[in-house]
Amino acid sequence: MDLTLIDKYFLIEKIGLISAVLAISLLIAMYSTWAERKVAAWIQDRRGPNRAGPFGLLQPLADGGKLFFKEEIIPSTANHFLFVLGPSMAMLTACLTSAVIPWGDVLNFGGYAVSLQIADVNIGVLWIMAVVGMGVYGIMIGGWASNNKFSLLAACRGASQVISYELPMGLALIALFMISGSLSLKDIVEQQRDGLWYVVLQPVGFLIFLICAFAECNRTPFDLPEAENELNGGYHLEYSSMKLGFYLFAEYINMFISSALMATLYFGGYSFPYMDSLGLSPNLVTILGICALFLKTFAFIFFFMWVRWTLPRFRYDQLMKLGWKVLIPLALLNMLITGAVILYRQNGF
Amino acid sequence: MFFTAEILTANTPFSYFPIVLQLIAALGFVGVTMIATHFLGPKRKTKDKLENFESGIEQMGNARQPVAIKYFLTAILFVLFDVEVIFFYPYAVNFKELGWEGFLAMIAFVAFFMGGFFYIIKKGALRWED
Amino acid sequence: MNAIITTAVFGIVLMFVGLFVKNKQQIKYFAIAGTILAFIANWYDCTLAGGSSVILHGMVEVSKFSILFNGVAIVSTFLYFLLCGSAFERVGDDVADYFALVFFILSGVMLTASFSNLLMLFLAIEIISIPQYILAGADKKNLKSNEASLKYFLTGSFTTGILLMGIALLYGATGTFNIREMGLGTGDLSPLALCGIILLAFALAFKVSAAPFHFWTPDVYDGSPTVFTAFMATVVKAASFVAFMRLFYVSFTGGDITHHWQLIIALITAATLLIGNFTAVFQQSVKRMLAYSSIAQAGFMLFAIVSNNEMAAQGMILYAAAYSVATIGVFAVLLKMKDYTFDGYNGLARREPLLALVTTIFLLSLAGIPLTAGFFAKYFVLSAAVQAGGLLWLVILGVLCAAISAYYYFRVIIAMYFRAGEAETLPITGGFKAALLLAAAIVIALGLFPGLLLQFL
Amino acid sequence: MPVQYYIFLSIALFCIGIMGVLMRRNAIIIFMCIELMLNAVNLLLVAFSKMWVDAGRIDAASAQLFVFFVMVVAAAEVSVGLAIIVMMYRNTHSVDINILSRLKN
Amino acid sequence: MLTVLLILIPLITGLITFGLKGPGAKVFSLLSSFATLAVAVFAWAQFQVAPDSLQFTADWIPQLNSQFKVGLDGLSLMLVLLTAISFPLIFITVFSRSYDRAGSFYGLMLLSQAGLLGVFLAYDALLFYFFWELALIPVYFLCSMWGGERAVPVTFKFFVYTFAGSLLMLVGIIYIYFQTPGSFSWQAFTSLNLSNGEQSWLFWLFFVAFAIKMPVFPFHTWQPDTYEQSPTPVTMVLSGIMVKMGLFGVMRWLVPVLPQGVYMWQEAAIVLSVIGIIYASCIAIMQTDLKKLIAYSSIAHIGLMSAAIFANNEQSIAGVQVQMFNHGINIIGLWIIVEVIEQRLKIKNMTGLGGIATHAPKLAILLVIVSLANIALPLTNGFIGEFLMFSGLFQYNPWFAAVAGLAVILAAVYMLRMLQKVLFGESNALTATTTDLKAGEMLAMACIVAVIFVLGFYPKPLLDLASGLGLPNAIAAVITR
């Protein structure tokens, strides 16, 4: 690698893109909290936040400000370093997954093409899996460092839940890769742009992935690590101020990224039907594509919330049973059937 | 001047450079926020406040006791199965070239996988009910 | 290759059998049947005349030597199951799993004789090692067993790291993992290759518990449940040696390459002989004595590696057979004793003349007295060293150490025959005695006609 | 980047691993050091693989396959090793390997 | 085939004897030993007619090109005869005794006989080594199990000494094997032309092994204790036959194979032997323990024989061969008497004895005869061998002969002193209870005394065997060099 190869335009482009993605992630995370309360209220026939600003739109800012200025408490028996490391880690990993997601096609600025993807690496999905895998450290470290029995128990639950659901998730993805033949998210989107959305080809795979995404984000019905009525708030029981904020934000960012990922993998990402046959200028198509992606993403976010306020929480044993004894065999079967069908169509017997 | 795109499509260590940038950005964000909140909040520490919260009752012993073996077992099984899943990735990318022969090999692999899976179920490693 | 596959698959089958069959006796019979099956598969390999019915992609190489060694390993395991199989249930409840693990080890053992790629060497060694870590700690409540297991695990995986580094450096130097394509040339070695060879030598010396890398052996062998020590100290050890020899004989021979490592191995051999023999003399427990004696025997097996010639291969086969059968026999009797110290054997000859007799035969074989297989085993490896030339000092050291080894082996004989005492044993069945006699017969038969085994080579 | 960089890096990591194994007393740390050694080897293998690809060998992918196997075996070792350490911890309430020499007698 | 039979009879009957009990074992082993004797005598007869028919070769370990190659020549025939005669004598002597676990006892005795015969017959180096050890193991068990209270450590010392020595020899054998075109046969070994340097160090590998077995000073330390602690029948085997293995080894395997080595070191070997003679004789004179006295006397005699071998000329070699046979017979006779005394009186110390002659005249007479034969008085069998040895040694170097000649005088001193202390003088309460020889003992002693006188008057058969007729060609070659 020769660093002199990097020219300043490239640097500016990437820095701009990164800032935008991070800012949007945070923004969406903030307003997800607001949306969540609104959705909850709507489902439960209430009003939800409505004091700060119109429709309570400034509520997230108020919450954020409050978290910033709260007193920072570190229990005397806790391990200080790890106590700080835990939420930092959670936030860090949440911020890193977005790097490989293609937010849109190429934008042209007078001959300079800007790809709306921070890094198109050929193992994009592996990067996401790796970073999500790191995410569990945030929970585990935070729970352990607190030196609180509730936290520790919650951390153990959270860790085992996350890692358990990583297996069927990976297996479901493999069936997808058999179709795509590539691990690059960009490639996957481009293939869907020309052909069918993969949700049509991989309905079971999508279902598995969806369930796993719920579990990976610790969302209800799989929110055992923070089951407040059993564990007093779970792994972030001892946290306050922005450290608590990080855990909460991380969760919402994860939800956002998962939604975007599902949209990318199974629902065509930034592509939308007839996008190439409308005869619009490429830049306009790209912008429409971005909107399409965000539309799909918001739909998933709404789905997340809808489920949360509809379904009750699983019991620990039910959760593990679902993950290990149902999803894993199902995902393997899905993989084998996918493989057989593809090979049959390609080679015959 | 568009060689950058070229570099990005070719798979070199250079493709990961933006990720490094993002890592730096994220680290900066997290670090700055952490430090800022540290100075922003009030500091009125008392002994009671710094104790662990156990629903208001007297604290009993250290929290870092060995936890149930089930969690440990889950972790171990995850490591094993995840590594087996790793083998599927290169296969998934190449399986069209490998054809039916490769598929048979993969079926054998899955059979072993399921064998192990079935074994741990029968051994009770996945029983969380009790 | 069929034997390897059969063994591995049978191990898995056994795991499942353990889920459904609760009768421990039946599991044992099933395992014994498995060794017979493996033997048949090996015989079938033999009829394929060096070929294989499985596509091997150049990873594994079926040769006369490998088939013969596989046969030795299978027969040793068969005897091991016959003699020690009932002791499995004294260790814990998961008898079928223990048997299955032994089968896995066995498949790794067979790979050591037939690998032709460093990847397979690595896998073979790991397939052997990992189940052993478990077996060493099978007695979960016993602290000594825990200790053995942890110690074995830490040293074993540390060694694996070193082994891998050696492999990686060799790959860097040659660009291949295939042991026949290394082509290290004839002149001076590149630093990468030299480091690789030395690291490999150290790692394998660890695995075969050669001094000064032997320190884990006594504690591990002593702490592990005795019935598993019997397997670790025999078949497994022989397999590690076979791997060692195969690698060095095939890849690091030719031109001056041998001289780069021969002296190091020769010094390791000398150290192993001295340390193994002298420390064995001072042990009070027969089990611990056997642990040290296994180091001493390792010293003799190292002769095969130092000398690095055709005769060494014969010697290695013979040594593997003689040493495995005899040690398994000694351990089988040890397992029937209530007291593992030398005094525990006092007067065994009066209470159980047959046990004493076969133990004597096994011990004589270990000491290398003529008429037993152990003599020819030692004879061949020493001859190989003489043939290699320039190692006469080592040979003479070797025979002097053999004389020392008589001391501690004869302590058991003396206790059994010439000391009064009430050696207490567990109940002994007729079948056990018959199996012991079979083992003794093998030792004597090989002691009279080593050609019985070597004709296959 | 020249392959030497990778060689030096992985050898440095390997040596750190060895030193850790030899000097630390905590079984888990030792264990992590061993894993570090294995990963140093993995890095080295991949670097060499690249080196031989550049040198025009077609079969250089075998080193990358090797890495896969190392990872699998390391996972198997991890599971067994952790189980052993947990077993030890449950019996002695310590993961200090000094306890091993105490138990000797 | 006869030669194979010689080994097989004791081997197989020995194994069978393990399964027998008490008297059965006794009788069976006696019969077996007679059968061996018959075959040996028959082989002797055959040897006069067609010596070549006594060779036998079969494949043994094709991988090493080692053969089961046995054969008889004058040297080995003499020792085979000695062995074949000794064992029936020993069995007859102890016939009245009942040993604990008799089956094992007699079985081991017969196995050791098989090993001994094998050693004398083997013409293949590996086979020779094989039998060399096979002879040792049964003796080890015999001594340890039926020996005195210190037998276990003492015998173990004996075992380790011999084992270490023979392993060194094994190294030598292996080395020479690789110099041959891949054969262990005696012919291949002897037709080699090894360099002087090689012969020089190889000599010591072999010499140490044989010297321990003989034993020669300073490798003798195991011997007196072992003789003392062993049960007397085993001591008879040890001193009568087993020590001859060492002498035989030198004559069959050392001198012909490494003539230059022997030439280089013969002086050293003779010096050691002569030192041994004087040393052992002096200690024997001081000795009060009957068994130890005889043990030291044996060292002295063996020292003389070994000196004679290394003197390495026609007379000395012939003398050694004759003497090997005669010494075996004589010392067995001595041991029988000692066994009788020990049995009857439960005492080994000569200070407690005396005046036995009056109570047991037959015993006394026989002991005197055997003792005189042991001193090598003319007209006894010991004389001719000793004479030949001395004259041979004199040819080599008169000074050595002179010093060694002291041995005869010293031997006379300690033997006569022994006779005086045991047989004559005042009898005490203990010795007054001595009863005379019983039938079996009488028979055995009668045979021995007969041999002593017959060979004393008519040594021709022995000399025939020793000289020319069956003498290995290579030895002859060395002698003429």
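D:Ala60 counts as buried because its relative accessibility is 0% (buried means under 20% relative accessible area, with a 1.4 Å probe and protein chains only). The model is predicted, so that local features need pLDDT of at least 70 and side-chain atom pairs count only at pLDDT 80 or more, while totals for chains, interfaces and linings use all residues. Residues are numbered from 1 along each chain as its sequence is written, chains are lettered from A in the order in which they are written, and side-chain values use heavy atoms, without hydrogens and water.

D:Ala60 is located in the loop between α2 (27-54) and α3 (61-92) of chain D (helices are DSSP runs of H or I, at least four residues, numbered from the N terminus). Leaving aside residues up to four places away in sequence, D:Ala60 touches D:Ser49, D:Trp52, D:Val53 and, from chain C, C:Tyr171 (heavy atoms within 4.5 Å). Between D:Ala60 and D:Ala27, 33 residues apart in sequence, the C-alpha to C-alpha separation is 36 Å.

Seven cavities of 30 Å³ or more are present in the structure. A cavity is a set of points on a 1 Å grid over the protein atoms alone where a 1.4 Å probe fits but cannot get out, and lining residues have an atom within 4 Å of a point. Volume is the space filled by probe spheres set on the points, which are joined across faces, edges and corners. The largest cavity holds about 370 Å³ and is lined by 24 residues. To this lining α10(A) gives the most, with seven residues. The second largest cavity holds about 190 Å³.

Note on methods. Helices (H or I, at least four residues) and strands (E, at least two) are DSSP runs, numbered from the N terminus. Buried means under 20% relative accessible area, exposed over 50%, partly exposed in between (1.4 Å probe, protein chains only). On a 1 Å grid over the protein atoms alone, a cavity is a set of points where a 1.4 Å probe fits but cannot get out, and a pocket is an open set with protein on both sides within 12 Å along at least five of seven lines; lining residues have an atom within 4 Å of a point.
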